[in-house]
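Open the model in your viewer and get ready to select residues by number. Each stop tells you what to pick and what to look for.

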Amino acid sequence: MTDSFDYVPPKVWMWKKPSGGTFANINRPIAGSTHEKELPVGRHPLQLYSLGTPNGVKVTVMLEELLALGHRGAEYDAWLIKISEGDQFSTGFVAANPNSKIPALIDRSGPMPIRVFESGSILLYLAEKFEVFLPTERAARAECLSWLFWQMGSAPYLGGGFGHFYAYAPTKIEYAIDRFAMEVKRQLDVLDQRLADNEYIAGSTYTIADIAIFPWYGGLVKGWTYGAGEFLGVQDYKNVQRWADALLERPAVQRGRMVNRTTGEPSSQLHERHDASDFQTKTQDKQAPKQAP
Ligand SMILES: N[C@@H](CCC(=O)N[C@@H](CS)C(=O)NCC(=O)O)C(=O)O
């Protein structure tokens, strides 16, 4: 790879593998599947194919919130998609999401399976299906959806921009880190100002806007994301801290954060979820240690 200061872009970009950095092995300039493999199907109406990243956690928190309210139709099987191993490029996954990114949901409750991809779209689909966490009054609904779409448009600056250059890129580029740190701090200030006068993001009630924003920006102010808490001075965003602490008290948020999680304390990792009892019996600390070959 050419040093970033000497690089002059050629007339036509060419794919030189590997490009370096974390995830370089899965980055490709072409879409579609790389291998034949069907997705597994469990016994519940909803089949989730995901991983415990912020985008994945949005959906598992939503499903756990629905179940906590007693919506049995929200029972789900959560299957693990290992993106670092390329599971998102199987024929089965690409049929569920042509964009090859987690999370993907298949609703098998009706006569024909319905696929839903993009985490914001999945939250909206579930909110409409179960008629909850999305206000029905026009102005309140517009506010909620505005913040939901704010999250979808903003988080790529946090993940693909700041997170990539701060944590994953093979070289630390001051210009890139500065540019995205500034934008992420501005976004945190947007949230902090909003939460100064509102208990929740969309107003006085908990909605899919909170569920979408929490895993990214709640995780950031709690210092979990990219280990960048000190660098970004996250303790200064007092209202975002207050809101994140309140959401963390919710049992459904606690459970949702465990599903499809593959890092952290073994007791916090539930790689796959097929039953409510799995939280008690199937976390990684309860799994038999792997035998050495
Ligand atoms: N806008 C999408 C983004 C999803 C996304 O970026 N997923 C990442 C993990 S958080 C992924 O699957 N990456 C695999 C890849 O890029 O190949 C959403 O919100 O669902």
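**A tour by selection**

Start with R43, which counts as exposed because its relative accessibility is 61%, over the 50% cut-off. Keep in mind that this is a predicted model.

R43 and D275 form a salt bridge, and their closest N and O atoms are 2.7 Å apart. D275 lies in the loop between α8 (251-258) and α9 (278-281), and R43 lies in the segment before β1, so the pair ties together parts that are 232 residues apart in sequence. D275 counts as partly exposed, at 28% relative accessibility.

How many salt bridges does the count come to? It comes to 12.

Select K129 and D107. Their side chains meet in a salt bridge, 2.8 Å from N to O. K129 is in helix α3 (residues 119-130) and D107 is in strand β3 (residues 104-107), 22 residues apart. Is D107 buried or exposed? D107 is buried, with a relative accessible area of 2%. K129 is partly exposed, at 33%.

Next, pick E143 and R194. This salt bridge has its closest N and O atoms 3.4 Å apart. It links distant parts of the chain: E143 sits in helix α4, R194 in helix α5, and 51 residues separate them. E143 is partly exposed, with a relative accessible area of 28%. R194 counts as buried, at 19%.

The side chain of N198 reaches the backbone oxygen of R194 at 2.9 Å. N198 is found in the loop between α5 and α6. N198 counts as buried because its relative accessibility is 18%, under the 20% cut-off.

Then select E64, R72, E75, R255 and R273 together. Salt bridges link these residues in a network. The charged end of R273 sits over the ring of Y76, 4.2 Å from the ring centre.

**Rings**

Turn to the aromatic side chains. A search of the whole structure finds 12 aromatic pairs. Select Y157 and F180. Their ring centres are 6.5 Å apart and their planes meet at 45°, so the pair is tilted. Y157 belongs to helix α4 (residues 138-168) and F180 to helix α5 (residues 174-197), 23 residues apart. Y157 is partly exposed, with a relative accessible area of 38%. F180 is buried, at 14%.

The charged end of R179 sits over the ring of F180, 5.1 Å from its centre.

Move on to Y168 and Y226. What kind of pair do the rings of Y168 and Y226 make? The pair is edge-to-face, because the planes are at 85°; the centres are 5.9 Å apart. Y168 is in helix α4, while Y226 is in the loop between α6 (208-221) and α7 (238-248), 58 residues apart. Y168 counts as partly exposed, at 27% relative accessibility. Y226 counts as buried, at 18%.

**Last stop: the surface**

Select Y7, W13, W15 and I30, and show the surface. These residues form a nonpolar patch there, with about 480 Å² of accessible area together. Zoom in on Y7, in the segment before β1 (46-50). Y7 is partly exposed, with a relative accessible area of 42%.

How values were computed: Residues numbered from 1 in each chain as written. Predicted model: local features only at pLDDT ≥ 70, side-chain atom pairs only at ≥ 80, totals over all residues. Heavy atoms only, no water. Patch = residues over 30% accessible without salt bridge, like charges linked within 9 Å, V, L, I, M, F, W, Y side chains within 5 Å. Areas by Shrake-Rupley, 256 points an atom, 1.4 Å probe, with all protein chains shown as cover. Salt bridge = Lys/Arg side-chain N within 4 Å of Asp/Glu carboxyl O. Helix = DSSP H or I, 4+ residues; strand = E, 2+ residues; numbered from the N terminus. Buried < 20%, exposed > 50% of the residue type's maximum accessible area, 1.4 Å probe, protein only. Phe/Tyr/Trp six-rings, centres within 6.5 Å; stacked < 30°, edge-to-face > 60°. Lys NZ or Arg CZ within 6 Å of the ring centre and 35° of its normal. Polar contact = N/O pair within 3.5 Å; in protein donor to acceptor, adjacent residues only side chain to side chain.
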